[in-house]
Amino acid sequence: MNHKIRAWLQNRGNALPLEKKLSRDAIISLIIHTIFQFGASMSGVFLNLYLWRLTHSVVVNGTYSIIVYILTPIGFAIGGYMIKKKDRMVAYRLGIVLIGLFYLSVSIAGERLVDYYVLFAIFNGLAGAFYWVGYLTLMYDVSTEQNRIRYLAFNMMFFTAATLAGPALAGFIIRLKEGLSGYTIVFSIAFIMFVLAALISLKIKASSGHHRVYYLKYTGLIMKKKQEWLKALFGFFGMGLLQGTMMFLPNILLFKVLPREDLVGYLGVLYSSLSIVMGIFISKYANAGRARMYLTISTVGYLVGVSCIIGSLNVWSVVGFMILYSIFAPLQGNTMTGFYYSLIARLPLKGELKVESVVVREFFLNVGRVISILALITFGSDLDSGLIPWILLLAAMTQFGLIWSIKNR
């Protein structure tokens, strides 16, 4: 499969100018991330449902996510230090291994996961942080200003394809087995995927220039001097205000109106397919000079989606909401990431702040996520209260702030 993906990407690039073609390391990074995401999508989607099946508590699920998002910036800061003093691949591979061990532990713990869910959340937050700080840094390194939009679009397409296949297979396995044993099988398969991703990562060599200075403590001063960077960071904070609830609530809502894990997984195939189509569109037609227009379109799309569930939470309203979210979330995410990476190159020290930029971005993003989940727990812990659509509507309206946070290039 790895050879087929690599050959397809190379053939896609044959007719392109040399500067827009993807490098060998860029292609390998896409392969690794696809395998990793296949395992993560199998396990991550159903981890929330697993907790829900065991507790039927939005508070427990929300608290778990809050702990993960609080620990993630700390893990990013530690991982950033590893990257500066060692190499990006050290944090990256450590993250893959730790996430693999996390899901192996979940498989072993079984139903006792609920008794130790705080410790599992801490483990998950740190492990995920090491992976993502390594991968986000690697994404910057293996792409250039000339091919970054194309690389990000392919990244999103493969990421989504893995997200398409993973939940469908997991839902089928869980439905096939009685009780909660199917979840254990799913988490075990995810562990194998992470081991495979770690082995393939050995094909990417370490970067040069180790033992560099870690400038994290100076980022506050840079924010004061570079208002454009600070505004972009506030944009990610706003992005987190919607992402926080959207990373675990939709599957709970789907399971409430359609109480079958396999159908939740199959609907995930539909959502991911729509995101892939959007990714293809972005890769062909996206223009960095239209960033604000893309953010405006995505925000309006969110508002239309939320309007589907105002007044009624049923199968059709929830599915309609998720369809629109799946179409417009990739447009927003790709636009913000592409703009931010171009901004990193314009910061002081000419790219030496890429690690610090990724760490600080994650802090702002996760503060937004935590605030949104706290609001959900406080006002919407009862799924039958009718307040959840209004909480999501308020979060969707905050996305207009992203338009202010960036400027067209």
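In which loop is Asp87 found? Asp87 sits in the loop between α3 (58-85) and α4 (88-109). The model is predicted, so local features need pLDDT of at least 70, side-chain atom pairs count only at pLDDT 80 or more, and totals for chains, interfaces and linings use all residues. Residues are numbered from 1 along each chain as its sequence is written, and side-chain values use heavy atoms, with hydrogens and water left out. Helices are DSSP runs (H or I, at least four residues), numbered from the N terminus.

Asp87 is buried yet has no salt bridge. Buried means under 20% relative accessible area, exposed over 50%, and partly exposed in between (1.4 Å probe, protein chains only). A salt bridge requires a side-chain nitrogen of Lys or Arg within 4 Å of a carboxyl oxygen of Asp or Glu. The nearest side chain of opposite charge, Arg88, is 4.5 Å away; Lys and Arg count as positive, Asp and Glu as negative, and His and the chain ends are not counted. The Asp87 side chain does reach the backbone nitrogen of Met89, at 3.0 Å.

Ser107 lies in helix α4. Its relative accessible area is 12%, so Ser107 is buried. Leaving aside neighbours within four places in sequence, Ser107 is in contact (heavy atoms within 4.5 Å) with Thr184, Phe187 and Ser188.

His56 lies in the loop between α2 (24-55) and α3. His56 counts as exposed because its relative accessibility is 53%. His56 is not a glycine, yet has a positive phi of about 50°. Most residues other than glycine have a negative phi.

Helix α9 is mostly covered, with 14 of its 20 residues buried.

Methods. Helix = DSSP H or I, 4+ residues; strand = E, 2+ residues; numbered from the N terminus. Polar contact = N/O pair within 3.5 Å; in protein donor to acceptor, adjacent residues only side chain to side chain.
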